[in-house]
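Q: Could you walk me through a strand and a helix contact in this one?

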Amino acid sequence: MFLYSDTGGGHRAAAEAIIEAIELEFPGQVITEMVDVLTTFFPAPISMAPQIYPQLSKMPRVWEMGYKASDGKKRVEITYKLLRPILQRYLDDMILKNPVDLFVSVHQLINQPVAKVVHEYGLKFATVVTDMVSTHAAWFAPEADLITVPTAQAYERGLEMNVLPSLMHITGQPVADKFCQPVGDKAQLRRDLGWNSDLPVVLLVGGGEGMGPLEDVAKALDEAELPMEMVIVAGRNKDLQARLNRHHWKTRTKVYGFVTAMPDMMRAADVLVTKAGPGTICEAFIAGLPLVLYSKMPGQEDGNVTYVEAEQAGVWAPTPEEVVATMKSWINTPQNREVYAANAARLANPAASRNIARLLVKLAS
């Protein structure tokens with residue numbers, strides 16, 4: 001049973017990617033289930049987290065204060081020690097109603113209390129950490145039987161939280177199999193998508209919900225009138241999509257809503273302009289796409305930006321003007337862009353989901 005919650009799309013996507021990998025690696029041999037653990041098993045206000053998260057994401061300073069105030073080994077231990085009596089009957093109910101061989105958490109909020117209770121019932125518990133670098137202390141339950149982490153930095157953080165080295169595996173970030181295919185013929189992909197095969201293509205995304213200053217960045221790039229084609233994905237944000245469609249673009253531009261062809265779009269593009277979400281970053285690595293990161297969730301995604309910049313796989317450009325300056329530089333000197341692209345490809349780990357799947361099935365068996 002995979003425990004996730006829709007506080008952002010990354011937790012659900014990670015669980016789905018691993019379940020897909022389990023079926024690819026062990027076809028017909030494993031029964032899996034996903035459950036939004038916060039809304040299904042926990043009381044208010046914890047159960048309200050998916051509703052609260054979108055509002056908090058619009059208040060980055062408030063989010064940052066809460067993130068930093070709650071982070072830390074002792075703070076997490078004290079918090080869950082106080083909450084344990086309140087949550088006990090809900091945790092008992094979750095376990096007694098779900099006779100599974102292995103609980104797998106892809107969400108940081110419940111790991112320590114769940115791990116303790118699961119062990120009391122003689123069952124097994126694993127955590128798949130889905131934050132790349134800035135990993136909150138709540139991710140790491142020393143009682144877990146297995147913890148997978150995406151980077152060496154996350155592994156070091158686990159050691160700081162007193163997790164035994166033997167319990168942790170650096171696997172990379174789980175992403176869907178459709179993102180893990182070879183890049184293939186980029187020119188043919190562009191023709192299939194109806195894009196210009198001669199100009200550099202800049203893909204702008206803001207996650208499934210079209211978050212961040214996507215519109216301002218797109219319009220600033222348009223005003224610069226660079227020799228490129230822009231492809232903007234507004235996601236489920238229909239208001240944003242409508243505004244972008246009404247805009248009179250000077251630059252060759254295509255606007256999409258929510259798409260299912262994102263893997264092909266990434267493989268066909270030359271640059272990805274996006275927020276610093278871990279899943280999107282790792283998908284870009286697999287496609288060999290250099291990154292321009294224009295926004296982040298403070299605290300949670302700070303390390304993602306540092307990691308991308310340190311590895312020279314992309315740049316941090318938090319204002320539309322900085323995004324424009326980066327794109328001017330990369331278009332005028334494409335060899336520099338190619339260096340960033342090569343570094344992005346070097347960081348790719350397309351086997352991550354399958355490696356995690358094998359570890360989990362071995363533990364469950």
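A: What follows takes the strand, then the helix contact. This is a predicted model, in which local features need pLDDT of at least 70, side-chain atom pairs count only at pLDDT 80 or more, and totals for chains, interfaces and linings use all residues. Residues are numbered from 1 along each chain as its sequence is written, and side-chain values use heavy atoms, with hydrogens and water left out.

Q: Okay, strand 7: how many of its residues are buried?
A: Five of the five residues in strand 7 (201-205) are buried, meaning under 20% relative accessible area with a 1.4 Å probe and protein chains only; strands here are DSSP runs of E, at least two residues long, and helices are runs of H or I, at least four, numbered from the N terminus.

Q: And which residues sit on each side?
A: V201, L203 and V205 lie on one side and V202 and L204 on the other, all of them buried. In a regular strand the side chains alternate between the two faces of the sheet.

Q: Which strands does strand 7 pair with?
A: Strand 7 runs parallel to strand 8 (residues 229-233), joined by five bridges, and also pairs in the parallel sense with strand 10 (residues 271-275) over three bridges; pairing requires at least two DSSP bridges. V202 has M230 of strand 8 as its bridge partner, while L204 has V273 of strand 10.

Q: Switching topic, at what angle do helix 1 and helix 16 pack?
A: Helix 1 (residues 10-25) and helix 16 (residues 352-364) pack at about 75°, with axes 8 Å apart; axes are lines fitted to C-alpha atoms over the stretch in contact, and angles run from 0 to 180 degrees between N-to-C directions. Helix 1 is therefore roughly perpendicular to helix 16, a term covering 65 to 115 degrees.

How values were computed
Buried < 20%, exposed > 50% of the residue type's maximum accessible area, 1.4 Å probe, protein only. Parallel < 35°, antiparallel > 145°, perpendicular 65-115°, else oblique.
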